[in-house]
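Please examine the sequence and the structure shown below. The paragraphs that follow lead through them step by step.

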Amino acid sequence: MAETITPVKEAAVENIRLRHHFATPAQQMDAATLGMWTFLITEVLFFGGMFASYAVYRNLYLGAFASTSEYMNVVLGGTNTAVLICSSLTMVLAVRAAQLSNRRHTMLFLVLTMIFGTAFLVIKGVEYHAKWVEHLVPGFNFHYPIPQFQQHAQILFFLYFMMTGMHALHMIVGLGLLTYLLVQAYRRVFNANYFAPVEMIGLYWHFVDIVWIFLFPLLYLIGHRK
Amino acid sequence: MATIAQGTPEIAAQEVNYLNVEHGWKSWLFTTDHKRIAILYLISITLMFFVGGFMAVLFRINLLEPEGIFSAETYNRLFSMHGIIMVFFFLVPSIPATLANFLIPIMVGAKDLAFPRVNLLSWYIYVIGAFLTMYAVIRGGVDTGWTFYAPYSSTYSNSYVLAAAFGVFTAGFSSILTGLNFIVTVHKMRAPGMSWSRLPLFVWSNYATGLIQVLGTPVLAIVLLLLAFERIAHVGIFDPNIGGDPILFQHLFWFYSHPAVYIMILPGMGVISEIVSCFSRKRVFGYNFVAFSSMAIAVLSFVVWGHHMFLTGQSVYTSIAFSFLSMMVAVPSAIKVFNWTATMYKGSVSFDTPMLYAFGFIGLFTIGGLTGLHLATLGTDIALHGTYFIVAHFHYVMVGGMVMAFMGGLHFWWPKMTGRMYPEAWSKFAALIVFIGFNLTFFPQFILGYMGMPRRYHAYPPEFQALNVLSTAGASILGIGYLIPMVYLIWSLKNGPKAGPNPWGAAGLEWQIQSPPTTFNFDETPIVTEEAYNYGPLEEVVG
């Protein structure tokens with residue numbers, strides 16, 4: 001109820017999807033932007049709890065943590081970093097295309113972003129599988145080659161799976177949102193007057209990418225600091 | 001206070017309002033109207049309040065006898081579930097999700113919150129969290145205390161920790177979404193002329209609450225997740241036997257849960273500002289100070305968590321810093337108390353029911369706040385830590401403060417929410433009963449704690465029995481004090497006298513529209529031309 005979308009019927013301004021409780025499209029856009037940024041702040045705090053735990057244990061068990069770098073696949077991790085940076089580029093190009101009312105490019109760049117996102121998850125899956133094979137999954141299947149680090153290295157791998165797992169979960173949600181955007185773009189919803197969802201989901205996508213930018217050096221490169 | 005183009009509401013006998021505009025359960029469960037969602041929340045949290053209250057009744061009965069009546073295990077589960085339900089499912093959403101959800105859009109002159117569907121989503125998330133927690137209750141409960149301290153909760157407890165922790169985890173997201181909605185609404189949805197310095201103080205305090213909800217709750221979510229993984233996979237995150245750090249749990253937990261204490265009091269302070277101003281017929285003394293003290297409390301709330309950990313062996317310098325910062329919170333809190341008092345000074349004070357609750361709040365909150373200073377002091381905390389002194393202290397703030405404010409606010413805005421007045425004599429009687437029952441319950445606990453009785457034990461030495469019996473007697477009076485309003489408020493829905501748009505002659509946008517309001521609150525967006533609380537002489541007041 002009351003959630004009707006009223007297209008404003010004015011000669012110059014068409015296809016503005018103004019919800020009933022906003023006075024102007026500008027107000028609606030401002031609210032959406034502030035809402036998304038506020039949400040991203042909660043996400044920063046959410047990941048912040050894990051980063052804080054990471055900082056504590058890395059400080060306590062530096063030797064064990066550094067030794068795990070040998071079992072991290074830097075090539076795959078680095079590739080994934082590149083893949084995500086590319087996806088951020090295509091995402092922002094999709095936003096630009098939507099702002100320019102270019103439906104074809106919007107859809108093209110959304111699809112490219114989704115391909116990069118899926119590629120990231122596939123590579124991540126390959127890495128997870130390798131960890132399982134090497135008995136590096138904490139709790140269920142963990143046998144560390146260096147016996148004195150067995151317990152403490154397990155904490156690092158626990159944080160690894162938790163942080164990258166949470167990140168991957170955010171990617172999957174992001175892919176769902178991108179699918180939604182693609183359908184909407186196909187239905188010609190977005191134009192120069194109404195592109196808020198593309199921009200908001202773009203913000204979310206960039207945030208998820210930035211999380212990875214922090215995760216990669218913290219988890220993969222501890223032992224590489226000489 | 002503002003010019004609103006709207007027909008005179010007195011004529012309409014059967015006017016359309018948000019309650020009668022649509023009927024049927026679908027119109028409620030799929031509503032996006034902030035007022036209807038507030039009612040949904042009100043019903044849900046009231047149910048949870050009585051479940052949590054029932055637990056309290058049971059363990060107070062246990063404490064009638066020094067050796068206890070139930071087993072230690074049952075007792076542990078009772079007080080834990082009482083804490084979890086009351087904190088996460090009543091106090092945190094109490095005023096924000098009900099009164100503020102109903103009032104903030106109206107107070108800022110908007111048709112709805114910025115994200116109406118997110119608002120509905122937050123209620124559904126709350127309900128899912130509540131069901132998960134009730135599942136834990138029905139299966140046998142949790143015995144960790146509401147704080148879920150690790151490694152007991154992650155390794156040793158044989159109770160339903162996971163279900164309860166996931167319930168709290170889920171409910172946290174509902175709290176985040178409510179806070180997010182308020183922040184954006186206050187920033188972006190204000191009517192023309194409604195500047196920040198004209199916002200009612202209730203809006204200010206809920207805005208500050210929103211900041212805490214948004215910044216603190218995600219950390220609670222992550223600590224519960226870590227706890228759950230440690231319990232499932234037995235990886236050492238908090239359990240020192242397997243390489244974990246139990247103090248880390250406390251740091252992360254209190255990083256949310258101390259600010260959460262202010263989630264549980266700031267909205268109440270906002271209610272008191274509204275009530276005191278209305279029933280003193282004066283502008284709130286030092287508006288800017290009261291507004292900014294809310295923000296100061298929100299900021300300080302994030303740098304005091306270490307005072308829960310004075311006895312954990314944290315560095316003494318850390319403790320000194322946390323002790324000092326905790327004392328700082330007393331400053332903005334005291335500003336509020338002094339300014340409410342100054343508002344009443346030379347005002348035309350009347351003693352309607354909401355004002356009785358406000359008086360109760362001011363007195364009890366002051367006691368609760370001042371005893372907090374004993375606990376923030378490093379030396380005295382060593383003696384008082386983990387005793388009934390703590391229990392009494394936070395119940396004076398949470399129950400004597402927040403629940404009093406909630407009851408006061410509920411009576412104050414009841415005519416606006418339902419269009420009906422409640423029975424005046426009964427409500428005053430109930431307010432008195434609550435005040436007496438509350439003090440009888442919790443004041444003896446200060447003495448018990450001072451004498452050294454530790455909290456969370458099902459049995460105690462016989463010399464503490466007299467005070468414990470007194471406390472249990474008080475609790476039964478308090479329980480009746482809460483049941484009476486439950487009865488007469490429901491009765492008033494059908495039988496209460498019709499309330500006009502402004503039964504109190506109060507200032508504020510919400511009193512200038514019909515009671516109950518229409519779905520979109522205002523026919524035309526109001527234009528605000530005056531500051532808040534612009535109370536004129538009494539003659540102008542019309543019922």
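In chain B of this predicted model, B:Lys346 is located in the loop between α11 (316-344) and α12 (353-376). The phi angle of B:Lys346 is near 60°, a positive value in a residue other than glycine. Is B:Lys346 buried or exposed? B:Lys346 has 9 C-beta neighbours inside 10 Å, and therefore counts as exposed.

A positive phi is also found at B:Asn521, where the angle is about 65° although the residue is not a glycine. B:Asn521 belongs to the loop between α16 and β2 of chain B.

B:Pro151 is part of the loop between α4 (116-139) and α5 (152-156) of chain B.

In chain B, the axes of helix α7 (residues 201-233) and helix α9 (residues 266-280) come within 8 Å and cross at roughly 175°. Angles over 145 degrees count as roughly antiparallel, and α7(B) and α9(B) are therefore roughly antiparallel to each other. Among the residues of α7(B) that take part in the contact are B:Leu201, B:Phe202 and B:Trp204, while α9(B) contributes residues including B:Leu266, B:Pro267 and B:Met269. Sorted by class, the contact of α7(B) with α9(B) contains eight nonpolar, five polar and one charged residues.

Which residues touch the most other members of the largest nonpolar core? They are B:Val108 and B:Val223, in a core of 226 residues. Helix α3 (residues 72-108) of chain B gives the most to this core, namely 23 residues.

Chain A may now be considered. It contains six helices and four strands, which run β-β-α-α-α-α-β-β-α-α from the N terminus on. Its C-alpha atoms fill a box of roughly 75 × 35 × 30 Å along the principal axes. Of the 226 residues of chain A, 35% count as buried. Among contacts in chain A between residues at least 6 apart in sequence, 72% join residues at least 24 apart.

How many residues of chain A are in contact with chain B? The number is 32, and they meet 40 residues of chain B. On the side of chain A that touches chain B, α1 (25-60) and α5 (150-186) each supply at least two residues. The largest share, 17 residues, comes from α1(A). By class, this side of chain A divides into 17 nonpolar, 13 polar and two charged residues.

Finally, the confidence of the prediction deserves attention. The model scores ipTM 0.91 and pTM 0.93. Chain A has a mean pLDDT of 91, with 92% of its residues at 70 or more. Over residues 7-13 of chain A, however, the pLDDT is below 50. For chain B the mean pLDDT is 93, and 96% of the residues reach 70 or more. Residues 1-12 of chain B stay under 50, and the model has 27 contacts for them beyond four places in sequence.

Technical notes: Residues are numbered from 1 along each chain as its sequence is written. Chains are lettered from A and ligands numbered from 1 in the order in which they are written. This is a predicted model: local features need pLDDT of at least 70, side-chain atom pairs count only at pLDDT 80 or more; totals for chains, interfaces and linings use all residues. A residue is buried if 20 or more other C-beta atoms lie within 10 Å of its own, exposed if 12 or fewer, and partly exposed in between; C-beta atoms are placed from the backbone. Two residues are in contact if their C-beta atoms, placed from the backbone, lie within 7 Å. Axes are lines fitted to C-alpha atoms, for helices over the stretch in contact, and angles run from 0 to 180 degrees between N-to-C directions. Angles under 35 degrees count as roughly parallel, over 145 as roughly antiparallel, 65 to 115 as roughly perpendicular and the rest as oblique. Ala, Val, Leu, Ile, Met, Phe, Trp, Tyr, Cys and Pro count as nonpolar, Asp, Glu, Lys and Arg as charged, and the others, Gly among them, as polar. A nonpolar core is a set of buried Ala, Val, Leu, Ile, Met, Phe, Trp, Tyr and Cys residues joined through C-beta atoms within 7 Å. pLDDT is the predictor's confidence in each residue, from 0 to 100.
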